[in-house]
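Biologist: I want to learn how to read a model like this one. Can we take it feature by feature?

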There are 2 protein chains.
Amino acid sequence: MRVIRAPQQMGQAVDRLRARGQRIGVVPTMGALHEGHCSLIRRAARECDAVIVTIFVNPLQFGPREDFRRYPRPLATDLRLAASAGATLAFVPPAASVFPPGFQTRIAVGRLGAIWEGKVRPGHFTGVATVVSILFNLTRPHRAYFGQKDFQQAVIIKKMAKDLDMAIDVVICPTIRENDGLAMSSRNFYLNKDERKAATIINKCLTQTTELIKSGIIDIESIRRFMKEKLSEEPLITEIQYASMYSPQTLDELERAGKEALLAIALKIGKTRLIDNMIVNP
Amino acid sequence: MRVIRAPQQMGQAVDRLRARGQRIGVVPTMGALHEGHCSLIRRAARECDAVIVTIFVNPLQFGPREDFRRYPRPLATDLRLAASAGATLAFVPPAASVFPPGFQTRIAVGRLGAIWEGKVRPGHFTGVATVVSILFNLTRPHRAYFGQKDFQQAVIIKKMAKDLDMAIDVVICPTIRENDGLAMSSRNFYLNKDERKAATIINKCLTQTTELIKSGIIDIESIRRFMKEKLSEEPLITEIQYASMYSPQTLDELERAGKEALLAIALKIGKTRLIDNMIVNP
């Protein structure tokens, strides 16, 4: 696996790949790779000729009181994991080359970016869309792979790619979970032993709510109440930001579970913010 | 010259050109082509292997009380002019294929888009940047050509292409003028005979202010006053939106003319809004 740091070199490498007719897949990451990322890389390696993993902790998508500084950056491990999952190129640009002084362009994603996660993290998805569009321009992939765990992010990137005619196929891949059901996330590293154990409540809540819906309880009031009660069993939860049922298309709250519903949760355990979701087909 | 309407077909045509190693130049226009546009097309034809002229009256860049509906759309003439200037492809997408229902992504250009023209036409440059980035994604040019007459637009597109790493060389070409000095513009078509004559005051004002600066009068107060007095000679001017001296880099007003200064004017003659500018090297 080749490691590229300079954006210009990345562009040249992609030119050569495209000239040889290679299909390019990209997996954009902020590093701190786990099995979730690796599953995206393996899928890209099956479907494409060249797989570029980008590793960039994007300052634009962190709020002023969020964890940009302490976000884990285990680069050597990341490169080893990416290579063994099948990446052929790792792109690790320095922050100053992505956002040089005077940078001022932003991609705004409208309503999809303002609701839901966007309400709790204002500006977050503008930051995500802006950096992803830069990474897309530098790597010019045919396909880009995102995990379902960050569902709203994946929907927004798909919408941006379509709206701006980027000719990139955005593929949303299943969430990968630990043995006890906790969705894999780089932020799980922040949890101490008790918090880690407490975090399993999220998957339990999603699974049991899914069963509730399948049993015929499909109105939003009952579902919201059930989720809240379930989560309140765990005393280490310090804040529930949202826990409800949404349309997977519009991300609006659903009055009643239809053909397809999305259950989504965002909460804090101690100081660590965790999110997860599950799609239900009643 | 081939005429393409469907975005998908445009993408395929560009794939074939790129696969053959052709250098692609694009001239984005709203149609109503005049000698200014033709000079851009001729320059692109000299510098590139394939020249794509896009013709699209972009609804996003018009304000609610602006001239979107009555903007001239002489398509047959436009195609003839583009072909004879050396275009090899004309891309004329239907509005619904560029902005389908539910379109919601926007490219915001920060401070550069909020000042100057942006103050008088809020949202204008967001609309320009958004459509140009779509046209860039569909035509994937090596170079893109813009006229100096729309100086702020050209600076903003250049900045967007750089910020988002689009790998497109944005070329700013000289303003083309009528024999009496009026800058060519599709909006000149709106002027009646008296207004057309009155409009020459703009170029006269820019030329005489240039001479004033070269004679050593370089402070903003004197220059602003001189421009205002000169323009007030013309009774058919119904509104002066701005007339002053700016930095060609930051577009901020300049206290004193330095190595390089930009004189710029926006005004209305009757109901028709006209802009023009001139770069001075004292």
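Biologist: Where is the place of A:A87?

Modeller: Keep in mind that this is a predicted model. A:A87 sits in the loop between α3 (75-85) and β4 (89-91) of chain A.

Biologist: Is A:A87 buried or exposed?

Modeller: Count the C-beta atoms around the residue. The cut-off for buried is 20 or more others within 10 Å. A:A87 has 29, so A:A87 is buried.

Biologist: Which residues is A:A87 in contact with, leaving aside its neighbours within four places in sequence?

Modeller: The contacts are A:M1, A:I41, A:V51, A:V53 and A:A82. For A:D163, 76 residues apart from A:A87 along the chain, the C-alpha separation is 28 Å.

Biologist: Now a strand. Which way do the residues of β3(B) point?

Modeller: In a regular strand, side chains alternate between the two faces of the sheet. In β3(B), B:A50, B:I52 and B:T54 point one way. B:V51, B:V53 and B:I55 point the other way.

Biologist: Why is strand β3 of chain B largely enclosed by the rest of the structure?

Modeller: Because 6 of the 6 residues in this strand, residues 50-55, are buried.

Biologist: Which strands do bridges join to β3(B)?

Modeller: Take each partner in turn. Strand β2 (residues 24-29) of chain B runs parallel to β3(B), with 6 bridges joining them. One bridge pairs B:P28 with B:T54. Strand β4 (residues 89-91) of chain B is also parallel to β3(B), through 3 bridges. There, B:L89 stands opposite B:I52.

Biologist: What does the chain cross through from β3(B) to β4(B)?

Modeller: Helix α3 (residues 75-85) of chain B makes that crossing, and the β-α-β crossover is right-handed. β2(B), helix α2 (residues 35-47) of chain B and β3(B) also form a right-handed β-α-β unit.

Biologist: How do α10(A) and α11(A) cross?

Modeller: Two packed helices are described by the angle and the distance between their axes. For helix α10 (residues 200-214) and helix α11 (residues 220-231) of chain A, the axes come within 10 Å and cross at roughly 150°. That makes α10(A) roughly antiparallel to α11(A). Their crossing is right-handed. Among the residues that meet are A:C205 and A:L212 in α10(A), and A:F226 and A:M227 in α11(A).

Biologist: Last, the two chains. How many residues are in contact?

Modeller: Count each side separately. 23 residues of chain A are in contact with 23 residues of chain B. On the side of chain A, α7(A) gives the most, with 4 residues. Other elements giving two or more residues include α1 (7-19) and α8 (151-163) of chain A.

How values were computed. Residues are numbered from 1 along each chain as its sequence is written. Chains are lettered from A and ligands numbered from 1 in the order in which they are written. This is a predicted model: local features need pLDDT of at least 70, side-chain atom pairs count only at pLDDT 80 or more; totals for chains, interfaces and linings use all residues. A residue is buried if 20 or more other C-beta atoms lie within 10 Å of its own, exposed if 12 or fewer, and partly exposed in between; C-beta atoms are placed from the backbone. Two strands pair if DSSP finds at least two bridges between them. A crossover is right-handed if, with the strands pointing away from the viewer, the path from the first strand over the helix to the second runs clockwise. Axes are lines fitted to C-alpha atoms, for helices over the stretch in contact, and angles run from 0 to 180 degrees between N-to-C directions. Angles under 35 degrees count as roughly parallel, over 145 as roughly antiparallel, 65 to 115 as roughly perpendicular and the rest as oblique. A crossing is left-handed if the near helix is turned anticlockwise from the far one by less than a right angle, and right-handed if clockwise. Two residues are in contact if their C-beta atoms, placed from the backbone, lie within 7 Å.
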